[in-house]
Amino acid sequence: MPEFELVTPATPDEAIATLRASAPGDVAVLAGGTDLAGDLDQGRVAPRRVLSLRRLPWRTLDWNGESLTIGSTLPLRTLELDADLARRLPGLYAAVRAVGSVTVRHRATIGGNLGRAAPASDLVPMLLALDAEVELLGPDGLRTITVDRLVRASRETALGPAELIRAVRIPEARPSAYLWQRVRPFHDISHMAVAVAFSPSRRSWRVAVAGFPPRPLLVPEAESALAGTRPDLVSVERAAEAVGRHAPIVADRRASEEYRRRLVRPLLRRAVAAAGGGGA
Amino acid sequence: MTAVPLRPDLALKLGGRAIYGIDFELPGMLYGALVPAPIAHGRLTSVDLSAARERPGVVAISADDVSGLTGGHTGDAERPLFARETVVYRHQPVAAVAAPTLAEARAAAASVRVVVEPLPVVSDLEAAFPEWPGSDAAASPRVAAHVHARRGDVDRAFRDAEKVVSETYRTGSVHQVALEPHASVAEVTGDRYTVHTTTQSPFGVREDVASLLGLPEESIVVDGTWVGGGFGGKGASFLEAYALLLARASGRPVRLALSYREEFLLGRTTLPAVVRFETGVTGGRIVARRVRLLLDVGTSLPGRDFATGYSIGFLLGPYTAPAFEVEGYAVRTNKPAFGPHRAPFAPQCAFMVESHLEHVAREVGRDPVAFRRDHLWREGMATPFGQTVGPFGLPSALDSAAELAARWRRDRPEGHGVGIGVGFWSTGTGAGGEARLRLSPETLTILQGEREIGSGSVLVGLAAVAERRSGLPRGRIRVEYADTAHAPYDAGVFGSRTVGALGRAVDDALVRLLATLAERGGATAPLSLAEEGGEIVVRGASGTTPVRALLTAEELAGGGLAAEGKHYGRSGSIDESLVLDGTFYPYTDFTGAAHVAEVDVDRETGSVRLVRYAAFQDVGTVIDGPAARAQVEGAVAMGLGAALTEEAIWSEDGRLLNAGLVDYRIPTITEVPPLDVTFVEGFLGAGPFGAKGLGEPPIIPVPAAVASAVRDATGAHVTELPLTPERVARALKPNEP
């Protein structure tokens, strides 16, 4: 691991000031470090400074009625163990549990997962389906954008050079599910994943697919196929077809395109059923 | 509940007092780094060390500094230590540096300018031989070794067979994944070369290093550190010669250790194979067999004949063959040298031959287990190569496995499958060993030259042999390690030989020691040792005598009564008249295993989940119950990796694409199912008290058993390892629900 200066600001303002004072590429932001540490170790990045967020007061979890705000540096394991998460947002609960192992989740954070924008992120597809919004703190104050706008491509976000993710807000509790396929069931990278959620307020489904580059994405064409709270098998079938037609599914060394396409139907059918939407 | 005695190394390891190679330090030591070849094949036109040498405190060496250093017996030691003129695999060492810190060493290594003009890369068997090699292929420069053997008129036997079943199988390469990477710390003082190293074979390293550096063995001391897992990957010398050369060049101790990424990039994996089977059947019985093997041996030089000639026997399996032909090619590719991996290539061979014979049985309408039974070797029969089969517990293990499988199949829920896999291995290699004992009034000390590598075979196994021979409780027996300058010779902790061969040396020494005591005490009948009143006593027909009373004053002052023992094993012979080309090898102890796996297969995604597992292991005699059980449990867990998830993936330009534990997936505890272990005793081997080796055999049937269960559950006949969900899904007919 190359040498670097570790900076641990005590306040958000200090953290932003440090980012402003550094040239891009000179500084890396460290939350849990479960992804960044690998890059540092392999020399894929060699920042002069590493800015640790560990002293910032962002390890928070707040339910406001049915809406949930998660501080960006909250360990995923704490989120997973929240008494209401599995009941109100079962899809998010499943997605959090899909990340790494228990040991990894004790360090990994939701902000780190979003900020690092790994193409195979298990959280991003579920946050997309939950219409999550992200609070960004920068030199000009706070702004809020959707996850869909934040995550642009593999390892690429809409974060400004001196911006930090402060929190993630999920607007409402939703029947939801997250299903993945991997070579090894635990502690592996999903090579195909489906996130679904039913919005009671909008009375419509959200469908996101993930596991292949460049990034997880929503498939609106599949959403419109899933009409009503309990779509039948025919509409699930149509939604799967829509995913196959509209999602840019490709091969990489983890899985072939053919196999990924083959997984869409069973994963979507099971996800809709798990989210309470009937089906098989 | 029976109390299991704690392993003697447990407190040291848990307390951080067992110093592994990766943690070993010497005062004032420098840190070394290897400079890797940037591409997999090319003409090496320049290695410029000047920028590295300008850095403060840095020494750098390349082929120019160590000219003519070739030789050695293992690994790729026939090759120069540093690439010269050509590079033949990516990351092949072209130079080495040492510097005051690891960061400085890495920076110095990165500053070495290496110029390689690219040559075409042959990355795999398909690239080497797009078509199956023809009759003139043995002379091809791509072929590193060729073996060929035949019995009877095979063509005619196939022509006359009622049915001939032909299949092609493929297997990939697996890595040992020892938790501790390779690491060596070297010091050179005058003409004494000392290396502290994590190894399965201190004496093997000494022999290699002497040959590589052109030094007499007496000038080299190999001190084995504690070993954080070997699994075959630490059986040969690796970093030791580089570390010693850097120590000599710098005049300081030098530590050279691999990062975990380098462990994958430079490590010696088993390498891929393509195998073609043809089996002729008449009246439900095999009448003719043909097995053809293409084995990717990378850039290996030594070992290639052995790998090809040895493994092809395991592709026939422990089954008869009235007429047969086997032909194997070791094929050069631009990959690193291959290396042993717990029963090297045998789990892959068992997967292929078991899956094939099960397929043949189904094709000719026979029950797969009954079909195997009809052709299985039994004690006293001849192998296809004409060797007489020794005591062999496999038929009995298979009977038990078949009975259990039938029961599991009756109980299984919808969608589950139950499969059987059989494995055969030759344990207790001919490689020899020696041990020294010393009996004081308080302790029986076993002095020997092997470090415990984690299996327990040294610290538990050798003590258990001594306990069984002498009757002395384990608490009074100490297994002591010494370096190659102070310990008697032993070949190494590999090949399932430690308890079998080194244990025999311990037993031999103990028998001599007991005879001396008997003579001194005037006893004629066999003696035993016991503990009484805080001292060791000798028990004979005429009563009990304290050891103290039988030792001379000199022995009492000098640490006790000494005895030496040794064991150099022998193996049988094969019918050489069958051999047309190359070398084939006889077996030593015939050791078998039969496993039963129950799986739950997701028919849509291809995911395989192990539900339960049972192993029936031919072991001769169990020397230590808990240690023996642990070997089987560990081997099954490791075998599940080879069966389901582990696979090194190489690009067309010779890059290892998954050099790390994220994408090279070993099983985690969540994938290991409830596991029953049953030992089949009484079919005695050449080890002490008839024990057979146990380190390797229990891994062999695992991929075969899992594949058989997947086929039972779904009908999917997968002919390639590992059985990833994608491969299983592809083998399932898509329209099946």
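**View 1. Chain A and its secondary structure.** In this predicted model, chain A holds 12 helices and 14 strands.

**View 1. Chain A and its helices and strands.** Have a look at chain A of this predicted model, which contains 12 helices and 14 strands. A compact globule of 280 residues would have a radius of gyration near 19 Å, and chain A agrees, with 19 Å.

**View 2. Inside chain A.** Of the 280 residues in chain A, 48% are buried. Among contacts in chain A with a separation of 6 or more, 64% join residues 24 or more positions apart.

**View 3. An open sheet in chain B.** Here 6 strands of chain B line up in the order β8-β13-β14-β15-β7-β24, with mixed pairing. The edges belong to β8 (163-171) and β24 (579-581) of chain B, each pairing on one side only. Ignoring direction, neighbouring strands of this sheet are turned by 10 degrees against each other on average.

**View 4. Strands β14 and β15 of chain B.** Zooming in, β14 (residues 285-298) and β15 (residues 323-332) of chain B run parallel and are joined by 10 bridges. V291(B) has V326(B) in β15(B) opposite.

**View 5. A helix across the sheet.** Helix α10 (residues 346-363) of chain B lies across β8 and β13 (273-282) of chain B, at about 150 degrees to β8(B).

**View 6. Where chains A and B touch.** Chain B brings 16 residues to the contact and chain A brings 17. On the chain B side, helix α19 (residues 725-731) gives the most, with 3 residues. That side of chain B has 6 nonpolar, 5 polar and 5 charged residues.

Note on methods: Residues numbered from 1 in each chain as written. Chains lettered and ligands numbered in written order. Predicted model: local features only at pLDDT ≥ 70, side-chain atom pairs only at ≥ 80, totals over all residues. Pairing = 2+ DSSP bridges. Helix = DSSP H or I, 4+ residues; strand = E, 2+ residues; numbered from the N terminus. Axes fitted to C-alpha atoms, helices over the stretch in contact; angles between N-to-C directions. Contact = placed C-beta atoms within 7 Å. Nonpolar A, V, L, I, M, F, W, Y, C, P; charged D, E, K, R; others polar. Rg over C-alpha atoms; globule rule 2.2 N^0.38 Å. Buried ≥ 20, exposed ≤ 12 C-beta atoms within 10 Å, placed from the backbone.
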